[in-house]
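The points are grouped by topic.

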Amino acid sequence: MNMIYKKTLKGVEETALRSEGLQIKLRTYLKLVDGVKSADEIKRANPSLMEVDAALIALQSEGYIENLK
């Protein structure tokens, strides 16, 4: 999964305000999304994190991140 993601407005607000009550685990992954690193690069840089792909898919389906176009 070599997609590059960026935070949506909802994701930026959640990172800054913690307003949506996002699970701590998913918030950890959300903080790693920067619009520059691919999902593969995030995995390589954070080998202790598991299920990166599943977390990114969940964040995308909940509207916190989107594919960079």
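Glutamate 14 is buried in this predicted model, because its relative accessible area is 0%, against a cut-off of under 20% for buried residues. This glutamate belongs to helix H1, which spans residues 9-17.

**Surroundings of glutamate 14**
- Residues up to four places away in sequence aside, glutamate 14 touches Ser19, Glu20, Gly21, Leu22, Arg27, Leu30 and Tyr64.
- Two of these contacts, Leu22 and Leu30, are also among the residues that touch the most other members of the largest nonpolar core.

**Packing of H2 against H4**
- Helix H2 (residues 24-32) packs on helix H4 (residues 52-61) at an angle of about 90°, and their axes are 10 Å apart.
- That angle makes H2 roughly perpendicular to H4.
- On the H2 side the contact is formed by Leu26, Tyr29 and Leu30, and on the H4 side by Val52, Ala55, Ala58 and Leu59.
- The residues of this contact comprise 7 nonpolar, no polar and no charged.

**Largest nonpolar core**
- The largest nonpolar core has 15 residues, of which Leu22, Leu26, Leu30, Leu56, Leu59 and Ile65 touch the most other members.
- Two or more residues of this core come from each of H2, helix H3 (39-45) and H4.
- H4 gives the most to the core, with 5 residues.
- Leucine 56 is in contact with Tyr5, Val33, Ala39 and Ile65, when its neighbours within four places in sequence are left aside.

Conventions. Residues are numbered from 1 along each chain as its sequence is written. This is a predicted model: local features need pLDDT of at least 70, side-chain atom pairs count only at pLDDT 80 or more; totals for chains, interfaces and linings use all residues. Side-chain values use heavy atoms; hydrogens and water are left out. Axes are lines fitted to C-alpha atoms, for helices over the stretch in contact, and angles run from 0 to 180 degrees between N-to-C directions. Helices (H or I, at least four residues) and strands (E, at least two) are DSSP runs, numbered from the N terminus. Angles under 35 degrees count as roughly parallel, over 145 as roughly antiparallel, 65 to 115 as roughly perpendicular and the rest as oblique. Contact means heavy atoms within 4.5 Å. Ala, Val, Leu, Ile, Met, Phe, Trp, Tyr, Cys and Pro count as nonpolar, Asp, Glu, Lys and Arg as charged, and the others, Gly among them, as polar. A nonpolar core is a set of buried Ala, Val, Leu, Ile, Met, Phe, Trp, Tyr and Cys residues joined through side-chain atoms within 4.5 Å. Buried means under 20% relative accessible area, exposed over 50%, partly exposed in between (1.4 Å probe, protein chains only).
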